[in-house]
Amino acid sequence: MHLVLAADDSRDELKRELAGAFPRQTRELRSGLFACSPPAKGPASFPYLAFARQVLPDAREVSAPSIRTWATLLVEAVAGTLPDDGPWSLHVYPFERSTNIKRVGARAWHSQARAGKPSLVQEAPVQSLVGHERCRLIREAVLLQLQKKRRHLLRSLRTETQPFAPDEALVQLVLSQPEHGFLSVAPAPMLFKQRHVISPFAGGEVELARDKAAPSRAFAKLIEAEARLGRSIQAGETCVDLGASPGSWTYVAALRGARVIAVDRAELRADLMQHRSVRFQRADAFRYEPPAAVDWLLCDVIASADRSAELLLTWLRKRWCRRFIVTLKVSGASGDEVVTRLKRELPALTSELWLLHLCANKNEVTAFGKIAE
């Protein structure tokens with residue numbers, strides 16, 4: 001079976017997504033943890049799953065009474081299965097039950113809180129039955145056993161979180177209880193082919209970026225998309241930031257040394273309006289056309305999902321950008337329709353594509369990648 005973990009506020013969305021992708025082949029083992037049994041034989045193949053946090057291909061249930069026994073189980077799973085000299089990664093993490101609590105932005109939260117809506121009170125996150133400390137100790141015990149018995153595997157163990165290479169493998173152990181969990185060993189080249197749904201980050205979780213100098217918290221979405229893409233905005237590149245005000249994404253791009261055309265009806269924060277690398281253009285983001293193709297299309301505009309989707313598709317069809325990071329505000333059935341449309345139309349226009357509900361997203365999905373050559 002294949003396991004799919006939902007983002008902590010997207011259980012229902014993922015459930016609908018899986019029902020469409022694997023009809024009558026999906027069951028929910030725990031809240032936010034789904035098992036899929038695709039009918040097709042051969043190597044695991046997954047569609048784009050926008051609301052999945054992580055996928056564990058060919059997973060099996062396992063049990064072990066102690067940290068040492070867990071380590072032995074993992075070493076035995078790796079030895080003789082993975083190539084002796086091939087790069088591989090090891091993820092050991094706890095399963096944290098999806099709460100499906102919808103998050104809202106700071107501005108919306110304060111506005112609605114003043115209106116006296118009690119439903120906006122933030123609930124405490126559900127604690128996992130397994131601590132991260134136990135997972136850390138299991139990983140350390142694995143490394144110790146490899147040091148004693150399988151040094152060649154230890155030498156090829158990768159620790160950085162870059163997109164998967166064609167020859168890379170991934171071993172995942174997700175613990176649902178201290179003595180029970182699920183083990184997945186994904187060999188090469190599966191990871192590279194399925195990198196749009198299998199994350200190089202443990203559990204698919206990316207720590208939210210923090211920067212008190214940024215105009216708003218929205219900058220964290222751009223930072224996370226760059227990390228998952230494995231490619232950040234570079235000095236000297238050109239960016240168009242549509243719907244830029246108050247300027248969080250422009251702030252990041254300018255900080256990287258890029259040249260930014262910031263498009264919005266409202267001005268950016270005062271310091272960004274004066275920044276030597278930023279050119280502000282007062283205009284409608286949906287009608288703007290660049291004078292020449294740019295390196296990056298950046299867009300976090302507040303608009304309906306269908307309008308943002310049409311904007312992205314237009315830019316890619318007209319080849320106005322080389323890379324793109326665009327958020328879409330999705331909610332309910334209409335949001336599902338837009339996501340389905342993008343899954344259908346974006347692959348033919350791109351050579352690299354991710355369509356994900358990021359850790360930094362709220363009621364959003366982010367499309368990012370590279371245009372097809």
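# Notebook: a walk out from D300

**Entry 1: the surroundings of D300**

I began with D300 and listed what it touches, skipping residues up to four places away in sequence: A218, K221, L242, G243, W249, T327, K329 and E364. A reminder to myself: I am looking at a predicted model.

Where does D300 sit? I found D300 in the loop between β12 (294-299) and α10.

Then I looked at the side chain of D300. I noted a polar contact with the side chain of T327 at 2.4 Å, and I noted another with the side chain of K329 at 3.1 Å.

I also checked a partner from elsewhere in the chain. A218 lies 82 residues from D300 along the chain, yet their C-alpha atoms are separated by 8.2 Å.

**Entry 2: β12 and its two partners**

Which strands pair with β12? On my list is β9 (residues 238-242), which runs parallel to β12 and is joined to it by four bridges. I also have β13 (residues 321-329), again parallel to β12, with five bridges.

I picked out L298 in β12 to see the pairing residue by residue. L298 is the bridge partner of D241, and L298 also stands opposite I325 in β13. I then followed the chain from β12 through α10 to β13 and found a right-handed β-α-β crossover.

**Entry 3: the nonpolar cores**

I looked up the largest nonpolar core and found 56 residues in it. Which residues have the most contacts inside this core? I wrote down L242, L297 and W315. Helix α10 (residues 305-317) gives the most to this core, with seven residues.

I took a closer look at L242. Apart from neighbours within four places in sequence, its contacts include V263, A285, Y288, L297, L311 and W315. D300 is also one of the contacts of L242, which takes me back to my first entry.

**Entry 4: an open four-stranded sheet**

I turned to another sheet. I read its strand order as β5-β8-β7-β6; the sheet is open and its pairing is mixed. Why do β5 (60-63) and β6 (88-94) count as edges? Each has a single partner strand, so one side of each is left without a neighbour in the sheet. Neighbouring strands here are turned by 25 degrees against each other on average, ignoring direction.

I found four bridges between β5 and β8 (residues 180-186), which run antiparallel. One pair I looked up was R60 with L183 in β8.

**Entry 5: β3, covered on both faces**

In a regular strand the side chains alternate between the two faces of the sheet. I checked β3 (residues 33-36) with that in mind: L33 and A35 are on one side, F34 and C36 on the other, and all are buried.

I saw that β1 (residues 2-6) pairs with β3 in the antiparallel sense over four bridges, with L3 opposite A35. I noted that β2 (residues 26-30) also pairs antiparallel with β3 over four bridges, and here R27 has A35 as its bridge partner. β2 and β3 form a hairpin with two residues between them, and G32 in the turn has a positive phi of about 90 degrees.

Most residues other than glycine have a negative phi, and most peptide bonds are trans.

- D58 has a positive phi of about 50 degrees; I placed it in the loop between β4 (52-56) and β5.
- R319 has phi near 55 degrees and belongs to the loop between α10 and β13.
- The peptide bond from A188 to P189 is cis, with omega near 0 degrees.
- The peptide bond from S245 to P246 is also cis, with omega near 5 degrees.

Note on methods. Residues are numbered from 1 along each chain as its sequence is written. This is a predicted model: local features need pLDDT of at least 70, side-chain atom pairs count only at pLDDT 80 or more; totals for chains, interfaces and linings use all residues. Side-chain values use heavy atoms; hydrogens and water are left out. Two strands pair if DSSP finds at least two bridges between them. Axes are lines fitted to C-alpha atoms, for helices over the stretch in contact, and angles run from 0 to 180 degrees between N-to-C directions. A nonpolar core is a set of buried Ala, Val, Leu, Ile, Met, Phe, Trp, Tyr and Cys residues joined through side-chain atoms within 4.5 Å. Buried means under 20% relative accessible area, exposed over 50%, partly exposed in between (1.4 Å probe, protein chains only). Contact means heavy atoms within 4.5 Å. A polar contact is a pair of N or O atoms within 3.5 Å; within protein, one must be able to donate a hydrogen and the other to accept it, and residues adjacent in sequence count only if both atoms are side-chain atoms. A crossover is right-handed if, with the strands pointing away from the viewer, the path from the first strand over the helix to the second runs clockwise.
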